[in-house]
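Me: I would like to learn how to read this structure feature by feature. Where do we begin?

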Amino acid sequence: VYPESSSQKTIFSSVVYCIHRKEGCEWNGELRKLKAHLLSCSLDAIPCRMQCGQQVSRLAHDDHGRNFCPNRRQICDYCQVEFNGLQYDKIPNLFLLLSRRVCNTWNYRLMGAIKDAV
């Protein structure tokens with residue numbers, strides 16, 4: 001290991017802002033500490049935990065997993081059938097407004113249509 005030259009010390013001691021400052025992160029500190037900060041910055045993007053391939057900020061990660069991830073599990077409020085997010089998002093909104101009884105009668109036809117669409 002080579003000791004840092006004086007110019008490296010000067011550069012790494014420079015005060016910088018987080019790369020997510022425009023999005024609202026208020027962190028600032030020495031350049032040498034930026035990498036460590038980004039490992040915990042709530043605005044830095046990380047891969048989706050459900051492995052959908054998207055990069056999502058730590059701050060939005062839970063919301064993404066509950067509402068937007070195509071790999072999330074979603075249960076119909078009316079018939080209690082479980083869908084993945086991609087399937088659930090293809091269900092017409094009007095269908096979600098139908099009564100439980102109608103939902104159950106349409107369920108068999110819908111499941112076939114969703115399987116064909118995905």
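Reply: Start with one residue and its surroundings. This is a predicted model. Take H61: setting aside residues up to four places away in sequence, H61 touches I46, P47, C48, R49 and V56.

Me: Where does H61 lie, and is H61 buried or exposed?

Reply: H61 lies in helix α3. Its relative accessibility is 3%, so H61 counts as buried.

Me: Which residues of α3 are buried?

Reply: The helix spans residues 61-68, and H61, H64 and G65 are buried there. Looking down the axis of α3, the buried residues fall within an arc of 95°, so they line one face of the helix. An α-helix has 3.6 residues a turn, so residues three or four places apart point the same way.

Me: What do the buried residues of α3 pack against?

Reply: They pack against two strands, β3 (45-47) and β4 (55-57).

Me: Let me step back to the whole chain. How many helices and strands are there?

Reply: The chain has six helices and six strands. Read from the N terminus, the order is α-β-β-α-β-β-α-β-β-α-α-α.

Me: What share of the residues is buried?

Reply: Of the 118 residues of the chain, 28% count as buried. The chain exposes about 8,700 Å². Carbon and sulfur atoms supply 55% of that area.

Me: And how do I read contact range?

Reply: Take contacts between residues at least 6 apart in sequence. Among these, 13% join residues at least 24 apart.

Me: Which residues make up the largest nonpolar core?

Reply: In soluble globular proteins, nonpolar side chains tend to be buried together. Here the largest nonpolar core has six residues: C18, C25, L34, L38, C41 and L43. Apart from it lies another core, of five residues, including C76, C79, V81 and F83.

Me: What does C18 contact, leaving aside its neighbours within four places in sequence?

Reply: C18 is in contact with C25, W27, L34, H37, L38 and C41.

Me: Those lists hold several cysteines. How many disulfides does a search of the whole structure find?

Reply: A disulfide is a covalent bond between the sulfur atoms of two cysteines. The search finds zero. Look at C41: the closest cysteine sulfur, in C18, is 3.8 Å from its own. That is too far for a bond, because the cut-off is 2.5 Å. The nearest cysteine sulfur to that of C52 belongs to C48, 3.7 Å away, and C52 is in no disulfide.

Me: Where is Q51 found, and how accessible is it?

Reply: Q51 sits in the loop between β3 and β4. Its relative accessibility is 69%, so Q51 counts as exposed.

Me: Where are S57 and A60 found?

Reply: S57 is in strand β4. A60 is in the loop between β4 and α3. S57 counts as buried, at 19% relative accessibility. A60 is partly exposed, at 33%.

Me: What does S57 touch, not counting residues up to four places away in sequence?

Reply: S57 touches S42, L43, D44 and A45. L43 is also a member of the largest nonpolar core.

Me: One polar case to finish. Which backbone atom lies 3.0 Å from a polar atom of the side chain of N84?

Reply: The backbone nitrogen of L86. N84 itself is in strand β6, residues 82-84. Leaving aside neighbours within four places in sequence, N84 is in contact with P70, R72 and R73.

Note on methods: Residues numbered from 1 in each chain as written. Predicted model: local features only at pLDDT ≥ 70, side-chain atom pairs only at ≥ 80, totals over all residues. Heavy atoms only, no water. Helix = DSSP H or I, 4+ residues; strand = E, 2+ residues; numbered from the N terminus. Polar contact = N/O pair within 3.5 Å; in protein donor to acceptor, adjacent residues only side chain to side chain. Contact = heavy atoms within 4.5 Å. Core = buried A, V, L, I, M, F, W, Y, C linked by side-chain atoms within 4.5 Å. Buried < 20%, exposed > 50% of the residue type's maximum accessible area, 1.4 Å probe, protein only. Arc of directions from axis to C-beta. Areas by Shrake-Rupley, 256 points an atom, 1.4 Å probe, with all protein chains shown as cover.
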